[in-house]
Amino acid sequence: MTPYRILSIDGGGIRGLLTAVLLDRLVAAVPGWLDRVDLFAGTSTGGILVLGLAKGLPPSAIVKLYREDGDRVFAASWFRGMRDLGGWLGAKYDNAGLVGALEELLGQTTLGDLARRVLVPTFDLDNHGEKGLPRSWKPKFFHNFPGPDSDAAERVVDVAVRTSAAPTYFPTYQGYIDGGVMANNPSMAALAQALDADTGKQTLDAVRLLSFGTGLNPTFLAGDRLDWGKLQWARPIVDAMIEGTMGVADYQCARLLGSRYHRLAPVLTEVIPLDAADKVERLVALAQEVDLAATIDWLQKSY
């Protein structure tokens with residue numbers, strides 16, 4: 001049986017740099033494994049990573065993007081802060097910096113131009129009543145598998161910015177917000193796509209799935225009973241939705257795939273918010289300290 005290999009990467013903002021460095025280290029330790037990936041799945045910053053990898057960029061090129069453009073992407077002007085009352089009446093950042101950085105890296109490439117299959121979750125805020133459905137919001141999974149629902153014509157940059165439009169951090173983009181609000185860990189979605197009879201056409205036994213986190217933040221809310229309303233929950237609920245859902249897909253994939261599944265999700269020793277562009281070099285240092293022995297062993301034996 002020929003293995004069907006999936007690489008899945010969580011969202012996490014600037015912490016995608018941590019994952020990019022880990023990928024770069026793993027490519028050096030196990031040459032050729034990345035070239036064997038059949039399906040790349042990524043949400044938010046993970047979406048940016050997998051779209052770059054599927055285009056053929058080495059992890060080192062994406063490391064360079066984070067290091068050189070982090071400040072540009074997460075640039076909060078004093079004017080925007082005054083106008084939006086520090087993020088209470090508008091997004092904290094404009095997404096123009098992200099669009100510019102990605103256009104320089106990815107150009108006008110479409111999903112159909114990519115050499116490998118991709119799956120990128122986003123959230124569509126208005127389906128406009130398409131296909132006779134009620135007008136409502138809905139999850140949207142962009143992919144380049146052939147077929148009537150293929151998104152091959154979509155520009156890679158547009159898909160990358162849609163999946164990265166984290167509420168309160170960035171404005172919506174073309175009517176979409178960050179896929180992390182419902183699938184920040186896209187592993188289970190990628191597995192479903194691989195098993196779909198019209199797209200991946202795989203059996204469960206054939207799948208090998210490597211899942212990356214972007215660093216687990218030591219974050220918590222103290223108190224046994226928080227009698228909070230909308231105002232108090234406004235910012236923490238966004239972070240909880242985006243960062244707190246990763247374990248669900250991990251639980252599901254581990255039980256469905258057993259030893260054919262491996263997750264690398266380092267626990268951070270300090271809190272690094274998704275917009276902490278000033279922590280770029282710290283993230284590189286933390287990534288260099290991660291013990292990759294178990295992942296290297298799994299890649300060599302199972303992938």
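## Strand 3 and its surroundings in a predicted model

Strand 3 and strand 5 (residues 176-178) pair in the antiparallel sense over 3 bridges. The structure is a predicted model, in which local features need pLDDT of at least 70, side-chain atom pairs count only at pLDDT 80 or more, and totals for chains, interfaces and linings use all residues. Residues are numbered from 1 along each chain as its sequence is written, and side-chain values use heavy atoms, with hydrogens and water left out.

Helices (H or I, at least four residues) and strands (E, at least two) are DSSP runs numbered from the N terminus; two strands pair if DSSP finds at least two bridges between them. Phe-123 has Ile-177 of strand 5 as its bridge partner. Strand 4 (residues 138-143) runs antiparallel to strand 3 and is joined to it by 6 bridges, with Val-120 opposite Phe-142. Strand 2 (residues 39-42) pairs with strand 3 in the parallel sense over 3 bridges, and Leu-39 has Arg-117 as its partner there. Of the 8 residues of strand 3 (residues 117-124), 7 are buried. Buried means under 20% relative accessible area, exposed over 50%, and partly exposed in between (1.4 Å probe, protein chains only).

Helix 8 (residues 187-195) has buried residues Ser-187, Ala-189, Ala-190, Leu-191, Gln-193 and Ala-194. Their cover includes strand 3 and helix 10 (246-257), contact being heavy atoms within 4.5 Å. In helix 11 (residues 280-289), Val-280, Leu-283, Val-284, Leu-286 and Ala-287 are buried. These residues fall within an arc of 165° seen down the helix axis, so they line one face of helix 11; the arc is that of the directions from the axis to the C-beta atoms. They pack against helix 1 (16-29) and helix 3 (59-73).

A salt bridge is a side-chain nitrogen of Lys or Arg within 4 Å of a carboxyl oxygen of Asp or Glu. By this rule there are 15 salt bridges, including those tabulated here.

| Salt bridge | Closest N and O atoms |
|---|---|
| Glu-104 and Arg-72 | 3.1 Å |
| Arg-155 and Glu-103 | 3.1 Å |
| Arg-135 and Asp-126 | 2.7 Å |

Glu-104 forms its salt bridge with Arg-72; Glu-104 lies in helix 5 (residues 96-106) and Arg-72 in helix 3, so the pair ties together parts 32 residues apart in sequence. Glu-104 is exposed at 59% relative accessible area, while Arg-72 is partly exposed at 32%. Arg-155 is buried, with a relative accessible area of 16%, and Glu-103 is partly exposed at 32%. Arg-135 is exposed at 62% relative accessibility.
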